[in-house]
Every structure is written in C-alpha cells, then in structure tokens.
Amino acid sequence: MFKVYRKEVEFAGRTLVMETNKIARQADGAVMITMGETTVLCTVVGAKSAAAGQDFLPLTVHYQEKTYAAGKIPGGFFKREGRPSEKEVLTSRLIDRPIRPLFPKGFFNEVQVVATVLSHDLENDPDIVALIGCSAALTLSGLPFMGPVAAARVGYIGGEYVVNPDITLLKSESDLDLVVAGTQEGVLMVESEAQELSEDIMLGAVMAGWEAFQPVIQGIIDLAEMCAKDPWDIAPVSEAVATMAKALEDQFGKDIAAAYATQDKSARRAALEAARAKAEEALVDEDAGITAKAVGSAFHDVEADIVRGQILKTSARIDGRDTKTVRPIVAEVGTLPRAHGSALFTRGETQALVVATLGTGQDEQIVDALDGEYKERFMLHYNFPSYSVGECRRMGPPGRREIGHGKLAWRSIRPLMPPAEDFPYTIRVVSEVTESNGSSSMATVCGASLALMDAGVPLPRPVAGIAMGLIKEGADFAVLTDILGDEDHLGDMDFKVAGTEGGVTALQMDIKITSITREIMAQALEQAREGRLHILAEMSKAMGTAREGVKDHAPQIATLTIPKDKIRDVIGTGGKVIRGIVEDTGARIDIEDDGTVKVSATDLGAIDKAIRIIQGLTEEPEVGKVYTGTVVKTMDFGAFVNFMGGKDGLVHISELADHRVERTTDMVREGDVVKVLLTGIDDRGKVKLSMKRVDQETGAALERGGGRRSAG
C-alpha cells in the first residue's frame, strides 16, 4: 500500500485541497488539486540530463481540458478532444510565465509540465487551480525550482476587491478580471482586463491578490516538508568555461560596447555578429569543453552587463533616449481602399498594419467551452511574420505567442466596444506586424483602435498601449518607457499597460527575476500613464473620434423586432420562407430567439425590400388601413390581392371601381400592383378589400361619398 499525503488550505473563503502519492506516482511530481468541485491533475517530469550542446531551458507546459470534466461529449466526427483551444493555449502560457524564471541559470534539462482538468464545477475557473497545482508538483519533484509560486484571481465589484469570485459573478458584475502570481517575496506575473480603472486601483488589486495567496504558498511548503523528493544535483560551471567568460569580457567587452553605441538596429546587429564571430574564433576550445554555444552564452552575459550597467549609471539607452521618452510615432487611417477600416501605426522600428472588417450575426464565432457554448462578436487576430524582424522562418499557423499577444490586444480594446444593441455588427480585427523592435502587441492596440474608428465603430474613446521595462541590480533600478526588443531581451521585466485617457483597460506583467516590489510597480504604472497619454495625443492627429457611419462598401444593418410567435412564419418549413426572402432581395437575415431580426446588405434598397416582406409576414392586418398589394388571381366575382408579404384578401367585383364593372379583367389583371383599403375581416379570417375607396394615384383613402380622408 502507499501513503497519500494531503494538505488543506483556506484560500480567500474557499478550501483548496492538495493530494500527492495517489495518482501518477511515476512522474517526478504529481499533485491532484481541488477547489470546490473543480479538480486538476498536475504532473512534472524532468529529463535526468541535458541534451548534448543544449544551451536553453526546454520547458513546456500543457494545460488540457477534458470535456468529461463538465459532463460533455466532444463535438465533431471523431468525438474526442482535438487541437488545443484558445483557452488551453492561454492557460498554458499563464502557468509557464511565473514558473520559468524560477529555474536556475545553467539548468538545461528538458522539463514537461502537464495540467489536466478532470472535473469542473462551472464556478471555479480551473486556470488558477492548475497554476497552483503545477507549482506544488514542481516543489515536490526535486527539480531545481526556486518556488513555490501561487496565484489568485481578483475582481472589483461595487468598489471592493473580491478574491476568487465565481465565474458568473466575475462576468456579470465585476469591473476587473485580474490574475496575479508570485512568491513570498513579491509578484512575478499579472494578466488583466479592466473597465478603465485607475492605476491606484490596479496596483491595489495586484497587492490584494498577492496577499491573499500567501497561505497557499505556505501550504505548498508544508506539503513539501512531508513528502518532497531529494533535490537534484546540478553540475557546476567548469573552471575552463568560467575562465573563458572572464577572458571574453576582457578581450571583447569594448567591441560589444561599441556595437551598442550604434542606434540603428540592423547596424547594431551586424556589429554584434562580427564581435561574436571574433570571440568564437579566439576562445572556442572543444578539447577543453569550451563550445561555440558556451562562448555564445558568455557573450550574452557580457552584453547584458554592458547595456544594464550603462542604463543604471547614465540613464542613456541603446537608441540614445532617456528612460521616459517614447519613440517617434506616425499614425494614419484609411490605408487600404477596400477595407471597412484600416490603420498603419508606426512607433520607432515597430509597425502594425491593422484591418477591421464588419460582418453580420452569421459571422459570429461559436466557442464550445467547458462552461457552455457561447458566441463572440468581437475577434482580434495577431500575426507576426518572420520578415518583420528580418529573419527567414517556416510559415505556419499562429503559435502560442501570437495567440497570447492577440488576446492581450483583445482585452485592451473590448471594454470600449459598443453593445450589440447600439452597433449590431460582428467585428474582426487583424493585426499584421510588418516591423518589430519592441512591443508589437501594444502597437496592435493602437492600430486596432484607429482601424475600428476608421470603420465607423463608435468607440467612446481611443485606446493606446505601451510596454515598460526594468533594469535592476541590487537596490538600484531603472524603469524604461517604450522598450526596444534588446531591452526586453536583456532586461528584467516586460510590463504592458493599455488604456484610455480615463484609465487602464489591460495590464500584463512578466518578470525574469524572482519578484518585484510595490514601489517598482507603482513607478512603472505612472510612467506608463504618461507614455499612454503622449501616444493618444499622437494618435489623435490621425483620427480622434470614430467616423460617422460605416463606409459605402461595408454592410449596412437594419434591426427590427417581431413577436416571438411569428418567428416560425418568417423562417417557414425547413427554412423555405427565409431562403426565399434572401434569394429575392439579396439581403442576409439573422433571427434571434427573442424576436430580434437583423437585415444586412450593401444595398439599402435590398434591406428595405426584405424588411417590408418580413413586416408583411408578421404584422396583423388592420381594418381601415391602406396597403399596396399585387393581384395574384382574377375570378368572375373579383380579384385576390396579396399584401403585407404573406396575406391575401378579396376585392369583390363591386369594390373594384365606383361604377359598375362587367368583368374583373376589365379593371385588373394578374401581376398588377394596386392600392387597397382593408374593410373587414370575417369570423373565418377572410379579408375583405376595396380598390374603389382608395385614390390609386396617391394612395389616399376616400370617403364612401367620394371625398378624401387621410390614409392609414
């Protein structure tokens, strides 16, 4: 028999249960973690040695949702889970980001972390549970992991912070959805969406979450004291490699410093490559175990020391800016002639071509999630082709980074999107990153805001985004506004803030060191606010408010409401009626369960015609009202006229004209368009019409004696 180790923790009003040594015992670490009735199995396996020549940490995190967790069977032909959903990809990134910096430098063994959702109570989101469980599994595994970490979700409801709000409450009432992860020392990662909240409120939410998960960290430590495996032995850096690193700094430090004095990115890269090639030629010694990769790793360390030291000592950055200056901005709208909305946003050497497309309800994305199926009417997709950084790479579907950056931009814009009642379009935004040297995701936010306004989407205010960096050595630190790619690569923080003049809409932070303090976050938020306001001012030169109305080649949409019991009349048996309206008019028609009907076409005439037909099918005929109809059949005793789309009535031969009529065909023939007055509906529902009581030229109703009266 085996002993099961169990730890319960009270976590912001909920009980968190961690169990180990019961399931997946051959993994290096395995924890079954439960909150409410949401259960996730988290496992960790590490390779016992690094691959030959490995010079980076091959850590992979896989978060996977099983549909049986919510009592569902997968859709599709094969009836099994397929490629990862967007939620699974984003949660995998959410787990990866706070644990990756806690592996020691020089540890290159492959590590695989897998989180499998086994049960979902539709109340507790599995992402927080999975992140905590993976941290616990790593802490128990014996791998060199400098954790543990924990995480919490924070809402802002009625002016109060709410930690771990249930899913329904979060979606319906909260002005904030923020996830924060960190250690006992400080914060490591933040991901959020907000309704234009102030920097102080955002910072308070981060700290509220950090304080709330401290008991969870202690619980993981307590569990580790019961059953953690012995720590792995890590091979120290060889004396030969250490000596080589010192020689590289002495011999080539000046060349590296000179390269970073070059402000142009391409020229700087060329100078660095030349210095790296010289260093490899001089220092590689395979017999002594000094490989080209070892020299490259030492070269990177010297790069970091030089750039970081210069910024801390002089506040002078790679491209000559100080720590608070934003690079030059150029923004334009209407870049593409046939797009519904387009913008080109350039900031320094980062550029995004962003295109907005307007569609109808038939274009909505259907998302089949564990907590139920729903439709999404706003989509934002981010593409990062290799040419944007001057590289050759295999072209393929979007990777985790592209999905993550697109979701961040989506979160930034969504709080400003108009409700469907005010703007009944499905909206897709695509960002093509055409140049990149720092924060293309924030350029996407700026470009998306401009493209949407160019398309006539009534955003109440434009949205802008900016990325902040950090250089920290001991107690000294510098926060950098609008970071370059090299500053991101060599720095300690990637801190992205998006929002309007009124407040923050999205905040994302990743830390490469073990944690940062409240003081650093507060300064980064304030510098980001100043930078955001500057960018908004530059954007306003291209477009400050949304265009009035959509462009001519964009679909026009009209909305009307019909009684629910009339929906079947518009659709018809097997969809026959609605297909006929579409074929006759060329318009697209979307009917919702509440009776809302959206009619769309690029031709307003097609919309008007479709609306008249639908109204004819759903309105009740009104006695005393004049209608326009078509003669569909003539008989000896009168003519049948179709009006209101689907209604027929009889004009008796005596009602055809104000004189005696011998034959019906003397007055009308099939296909004639006439104006008729509805004079009555008998007990059997038969409709009586009159032509002689209507002026056929003007459509005005006539008194029986021949005088005019107003039309109905």
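The paragraphs below go through the strands, sheets, cores and some single residues of a predicted model.

In this predicted model, local features need pLDDT of at least 70 and side-chain atom pairs count only at pLDDT 80 or more, while totals for chains, interfaces and linings use all residues. Residues are numbered from 1 along each chain as its sequence is written, and side-chain values use heavy atoms, with hydrogens and water left out.

Helices (H or I, at least four residues) and strands (E, at least two) are DSSP runs, numbered from the N terminus. Eight of the eight residues of E7 are buried, so E7 is largely enclosed by the rest of the structure. Buried stands for under 20% relative accessible area, exposed for over 50%, and partly exposed for values in between (1.4 Å probe, protein chains only). In a regular strand the side chains alternate between the two faces of the sheet. In E7, Ala 150, Ala 152, Val 154 and Tyr 156 point one way, and Ala 151, Arg 153, Gly 155 and Ile 157 point the other way.

With strand E9 (residues 176-182), E7 pairs in the antiparallel sense over six bridges; two strands pair if DSSP finds at least two bridges between them. Ala 152 has Val 180 of E9 as its bridge partner, and Val 154 stands opposite Leu 178 in E9. Strand E8 (residues 160-163) also runs antiparallel to E7, joined to it by four bridges. There, Tyr 156 is bridged to Tyr 161. The hairpin of E7 and E8 has two residues between the strands, and Gly 158 takes a positive phi near 60° in it.

These strands belong to an open sheet of eight, in the order E8-E7-E9-E10-E21-E20-E18-E19, with antiparallel pairing. Its edge strands are E8 and strand E19 (476-481), each of which pairs on one side only. From one strand to the next the twist averages 20°. Axes are lines fitted to C-alpha atoms, for helices over the stretch in contact, and angles run from 0 to 180 degrees between N-to-C directions. Helix H9 (residues 400-413) packs on this sheet and touches E10, strand E20 (493-499) and strand E21 (504-511). The direction of H9 makes about 150° with that of E21. Contact here means heavy atoms within 4.5 Å. Helix H12 (residues 518-540) lies across E10, strand E18 (464-473), E19, E20 and E21, and runs at about 145° to E18.

A three-stranded open sheet has the order E22-E24-E23, again with antiparallel pairing. Strand E22 (556-561) and strand E23 (588-591) stand at its edges with a single partner strand each, so one side of each is left without a neighbour in the sheet. Neighbouring strands of this sheet are turned by 20° against each other on average, direction ignored. E22 is joined to strand E24 (residues 596-601) by six bridges, and Thr 559 stands opposite Lys 598 in E24.

Next come the cores. A nonpolar core is a set of buried Ala, Val, Leu, Ile, Met, Phe, Trp, Tyr and Cys residues joined through side-chain atoms within 4.5 Å. The largest has 160 residues, and those with the most contacts inside it are Leu 248, Ile 427 and Phe 495. Helix H2 (residues 126-141) gives the most to this core, with ten residues. Another core, of 19 residues, lies apart from it and includes Ala 558, Ile 581, Ile 607 and Leu 617. Leaving out residues up to four places away in sequence, Ile 427 touches residues including Thr 357, Phe 378, Met 417 and Val 457.

Some single residues remain. Ala 12 is not a glycine but has a positive phi of about 50°. Ala 12 is in the loop between strand E1 (5-11) and strand E2 (14-20) and is partly exposed, with a relative accessible area of 36%. Glu 196, in strand E10 (residues 187-197), likewise has a positive phi, near 55°.

Pro 74 lies in the loop between strand E5 (59-65) and helix H1 (86-99). With a relative accessible area of 13%, Pro 74 is buried. Pro 74 and Asp 368 are 294 residues apart in sequence and 9.1 Å apart in space, C-alpha to C-alpha.
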